[in-house]
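Here is a short report on one protein model.

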Amino acid sequence: MEIPFVSLDFLHGEIQEELNEAIRRVMDNNWFIRGEENQMFEEKFARYCGTKYCVGCGNGLDALLLLLKAYDIKEGDEVIVPSNTFIATVLAVTHVGAVPVFVEPKIDDFTMDVTKIEEKITPKTKGIIPVHLYGQTGDMDEILKIARKHQLIVMEDAAQAHGATYKGKRAGSLGDAAGFSFYPGKNLGAMGDGGAITTNDEKIAKKVRALSNYGSDLRYHHIYQGINSRLDEMQAAILSVKLEYLNQWNQSRQQIARQYQQGIQNKKVIVPDIAKDRNHVWHIFPLRTMYRDQLKEFLKDHHIETNIHYPIPIHLQKGYENLGIKAGELPIAEEISSTELSIPIYYGMNERQVDYVIDVINHF
């Protein structure tokens, strides 16, 4: 049995006609940037997340970058980020000239350890970016409590958490604003790059819209030094179709995750926890094991594809050696990087495939 790490074949096959119709509609309209499809998707996604505004953009990195610019975070400012995340979270901070300040995660559920945030706050701190990593939200009540106490902006990195909830509220509506990615493999994925910001702040939404359009609020009228980062009509139309099925797809992932959590009984392997008051949507199912490389090869030998999120922590990447953070200074992030192994989880996996993955892991 061959099991890929991710497959979109079944997902796309079920909605092929709807996707074809959406693509034909865009082609017939002959309007490809910020038209009716973009507006329709922004309205739908804002409603889905429970916010007043959504602004489409080019990708998830740009979504965070645009938010930082919209909140006037700049050179010399500090922004608190998790030490274990995809590099885009930190790239957005450094691209505006700000300094990322790392807070370690909780090793059992991978979300930012809120008990370690306040000790990192200085007079230069301007914001916090909690990352809803692998599909599970952070402890947003505590993060917001700390942020309000110190007058900090909270920008959710919700790139892996489409549809995840915290105490009944969806990711994207939990902070001051949020950035999403619609990279094809995400729970809600485009057929190319795409991203969006969500917020209840009209001023921020308008500023992001202008910043992402060369800093222009009117044609050839540039009020900011902006960038070009817009969600195109084709991707917006595709995302509108897919959004109708997101809850169904997330429920399938949750069922697979439950099978993994109940079925994986190998004492060499640690399955992830779900924190209290969360609805995890399992963009990734991350195992931890001291025998990561051996398990990866064992699964490969049994035709099961896996991935590692993320093999080198950001503070030890060559691109960030300027931060001067040495090996051993962020031990939890380093332990996760050396022990994490992601196993297949996607809409369309059948029970036989899931049972096979479980059986192979249990025989490791």
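Which residues of the largest nonpolar core touch the most other members? Leu67, Leu68, Ile73, Val79 and Val208 do, in a core of 32 residues.

## Basis

This is a predicted model: local features need pLDDT of at least 70, side-chain atom pairs count only at pLDDT 80 or more, and totals for chains, interfaces and linings use all residues. Residues are numbered from 1 along each chain as its sequence is written, and side-chain values use heavy atoms, with hydrogens and water left out.

## Nonpolar cores

A nonpolar core is a set of buried Ala, Val, Leu, Ile, Met, Phe, Trp, Tyr and Cys residues joined through side-chain atoms within 4.5 Å. Buried means under 20% relative accessible area, exposed over 50%, and partly exposed in between (1.4 Å probe, protein chains only). In soluble globular proteins, nonpolar side chains tend to be buried together.

α4 gives the most, with seven residues. Helices (H or I, at least four residues) and strands (E, at least two) are DSSP runs, numbered from the N terminus. Val208 touches Val55, Leu66, Leu67, Ala70 and Ile197, not counting residues up to four places away in sequence. Contact means heavy atoms within 4.5 Å. A second, separate core has 23 residues, including Ile256, Ala257, Leu299 and Ile361.

## Helices α3 and α8

Helix α3 (residues 36–49) packs against helix α8 (residues 233–243) at an angle of about 35°. Their axes are 8 Å apart. Axes are lines fitted to C-alpha atoms, for helices over the stretch in contact, and angles run from 0 to 180 degrees between N-to-C directions.

On the α3 side, the contact residues include Met40, Phe41, Phe45 and Tyr48. On the α8 side, they include Ala236, Ala237, Leu239 and Leu243. The contact residues divide into eight nonpolar, two polar and four charged. Here Ala, Val, Leu, Ile, Met, Phe, Trp, Tyr, Cys and Pro count as nonpolar, Asp, Glu, Lys and Arg as charged, and the others, Gly among them, as polar.

## A buried loop aspartate

Asp77 lies in the loop between α4 and β2. At 8% relative accessibility, Asp77 counts as buried. Leaving aside neighbours within four places in sequence, Asp77 contacts Asp72, Ala98, Val99, Lys124 and Lys126.

## Cysteines

The whole structure holds zero disulfides (pairs of cysteine sulfur atoms within 2.5 Å). Cys49 is buried at 4% relative accessible area, and Cys54 is buried at 5%.
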